[in-house]
Amino acid sequence: MLKSSSFSLGHQSQLKMKGLSVADADLVVYVHPSKSRKVSQAILRELSSLLFKFNEAFDGVLLAYDVNIQDKQAKILSGVHPYFGLRLKANLLLFSPKSDMLLEGKVVKLSQESIHVIILGFSSAIITAQNIRGEFKYKTKDEEELFASRSHKRHVIKVGTMIRFLVKSFDEEILHIIGSLMPAHTGSICWLDWNLEEISEFDRSATKSRGREWQEDKTFEGTTPLSYNNHIKKSKKHRITED
């Protein structure tokens, strides 16, 4: 038996994919005296029962652990008789997806309405058509369903493609994620990694374009019909003078 109140997470470090982290934890495991001859097995069994389940104390899903038993002699704890407690130092691998976080997964099913993804082999995600940016067009090629980019011919998403997507929400109970491919830096990982500069340039161009449109709108808003007509007349007069 392992009490959640005994969890005390230490230093955490982020891995390459967001949502994954390694944490040092101080734990206390309560073992029944009948298991006193096989304490190590009892501890491993207890920790294994926590794998691939969301744990509030860890604020994530436990994927793996490496444990070091601190106590050489177990002590019976008051209030939990006949169990005895063992203090542990554990190194934990956790999966903690949050909203607006980028995750990576493999496409396992695709249709015109949605893209289904598996993350780390155990958690599922769905990206519905309304969360797929307009750049992608659904089509069938050689009887294979796929989403192809209208802007980049080689940017294709199909079954088997590893994609990077944005988290919209995470159901902790069933480990299910609602994802999005709306941002420009989401899509096929293979294509994204080879075209980082092009994506950055696209983002900068889009930002400049929006800035020019905003400036033009502000200029037009501050111009009265009379001043606008006078501006046209002056422009015409200038061109006639030049001629």
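Buried residues have under 20% relative accessible area, exposed ones over 50%, and partly exposed ones lie in between (1.4 Å probe, protein chains only).

**View 1. The whole protein chain.** Of its 243 residues, 34% count as buried. This is a predicted model, in which local features need pLDDT of at least 70 and side-chain atom pairs count only at pLDDT 80 or more, while totals for chains, interfaces and linings use all residues. Residues are numbered from 1 along each chain as its sequence is written, and side-chain values use heavy atoms, with hydrogens and water left out. The secondary structure comprises four helices and 15 strands (DSSP runs numbered from the N terminus; helices are H or I of at least four residues, strands E of at least two).

**View 2. The Phe95 and Phe122 pair.** The ring centres of Phe95 and Phe122 are 5.7 Å apart and the planes stand at 80°, so the pair is edge-to-face (rings of Phe, Tyr and Trp, the last by its six-membered ring, pair with centres within 6.5 Å; planes under 30 degrees apart are stacked, over 60 edge-to-face, the rest tilted). Phe95 belongs to strand S6 (residues 84-95) and Phe122 to the loop between strand S8 (114-119) and strand S9 (123-128), so the pair ties together parts 27 residues apart in sequence. Phe95 is buried at 0% relative accessible area, whereas Phe122 is partly exposed at 23%.

**View 3. The aromatic cluster.** Phe52, Phe54, Phe95, Phe122 and Phe170 form one aromatic cluster. The structure holds five aromatic pairs.

View 4. Asn131 sits in the loop between S9 and strand S10 (136-141) and is buried, with a relative accessible area of 8%. Leaving aside neighbours within four places in sequence, Asn131 is in contact (heavy atoms within 4.5 Å) with Lys168, Ile178, Gly179, Ser180, Leu181 and Met182.
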